[in-house]
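Dear colleague,

I am passing on the structure below, and after it you will find notes on what turned up when I went through it. Please read them with the coordinates open beside you.

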There are 4 protein chains.
Amino acid sequence: MTHTVREKQKLINRVRRIRGQMEGVERMLEEEKGCAEVMQVIAGVRGAVNGLMAEVIEDHILMHVAAAELSQEERDEGAAELIDVLRAYLK
Amino acid sequence: MTHTVREKQKLINRVRRIRGQMEGVERMLEEEKGCAEVMQVIAGVRGAVNGLMAEVIEDHILMHVAAAELSQEERDEGAAELIDVLRAYLK
Amino acid sequence: MTHTVREKQKLINRVRRIRGQMEGVERMLEEEKGCAEVMQVIAGVRGAVNGLMAEVIEDHILMHVAAAELSQEERDEGAAELIDVLRAYLK
Amino acid sequence: MTHTVREKQKLINRVRRIRGQMEGVERMLEEEKGCAEVMQVIAGVRGAVNGLMAEVIEDHILMHVAAAELSQEERDEGAAELIDVLRAYLK
């Protein structure tokens, strides 16, 4: 993934937030917090993972499928990779 | 959507299967069938809707983003439409 | 599902709306409408199916797991059915 | 969440696996690995988060909605919490 430095940092920040949320879930389980509270945090994690996925997919579409400078072979490969991921993810 | 006739028929068959499943759900509700049974059928409908969506998205990628004959303007527009749909759908 | 008449009608109305949306998708495919438009409608269908599922699950919880008048055997069975459905649906 | 020690450890192990996967995603982004590879790992994370959620929800149903020793007030509260979480999660 040859992102711009700014785009790369944005993705890494998203990943770190999710890691922080998962540390929170672990702590809540250790401290035997209420199920309802734990479930709310996990629901938030799922939302954050979907948001991260949407952003990586968007980058992939722009850089590896639609970009003007791609050869048709690169474009076809980028499209095939995208279709594979979406088939698994949309199930 | 200027699909090939064969591809179009495949999509329409998927839509009709989902319509048939929904008629089944309506009948089960009318006949006061058990919740568990109704929930299983609705889960199947969700899977079928995701499968239909995956197929339409795949067609869109191949025809409106990756196809060799597109102008860069058409390609950019196809990519923007795809990103919009995925953002909403992956949430 | 021994719903109240009012609850049953609400569910059936939801099912009919989804059937109407699917008829719309079929028509759009027949008329070769743009992919982007078709994808937006299918995304709406998925949302409506999830809403229907949430409502049926809610009824099941209230009537077959939490209701005061259930025997413990009925309650355990209702819980087992719910867990089965959620395991498949949350994947 | 007053789980048995064994159940609690199982949940914590799931959380740690997800944390490990997220560390992997961060490393892949730092090392500018290919989008396709990153997307596959994120898809795996989403599956693991759904699996964790399904397990916590299952525990909640068994302990806070269906358990024989609950008072009806506790049972109603557990059911209301479950419905709230599912409404948000199934959207």
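Predicted model: local features only at pLDDT ≥ 70, side-chain atom pairs only at ≥ 80, totals over all residues.

In total, the structure has three cavities of 30 Å³ or more. The lining of the largest cavity is made up of 20 residues, and those nearest its centre are A:Arg46, A:Asn50, B:Arg46, C:Arg46 and D:Arg46. By class, eight of the lining residues are nonpolar, four are polar and eight are charged. At least two lining residues come from each of α2 (35–66) and α3 (72–90) in chain A, and likewise from each of α2 (35–66) and α3 (72–90) in chains B, C and D.

The contact includes A:Ile57, A:Ile61 and A:Leu62 on the side of α2(A), and B:Leu82, B:Ile83 and B:Leu86 on the side of α3(B). Its composition by class is eleven nonpolar, two polar and four charged residues.

As for symmetry, chain A is superposed on chain D by a rotation of 180° with 0.0 Å of shift along the axis, at an RMSD of 0.0 Å, and the two copies are thus related as by a two-fold rotation axis. Within chain A, the C-alpha nearest that axis belongs to A:Arg19, at 3.0 Å from it. Both copies use the same surface, since 100% of the contact residues of chain A recur in chain D.

With best regards

Notes. Residues numbered from 1 in each chain as written. Chains lettered and ligands numbered in written order. Heavy atoms only, no water. 1 Å grid on protein atoms, 1.4 Å probe; cavity = no way out; pocket = protein on both sides within 12 Å on 5 of 7 lines; lining within 4 Å. Points joined across faces, edges and corners; volume = space filled by probe spheres on them. Helix = DSSP H or I, 4+ residues; strand = E, 2+ residues; numbered from the N terminus. Nonpolar A, V, L, I, M, F, W, Y, C, P; charged D, E, K, R; others polar. Contact = heavy atoms within 4.5 Å. Least-squares fit on C-alpha atoms with pLDDT ≥ 70 in both.
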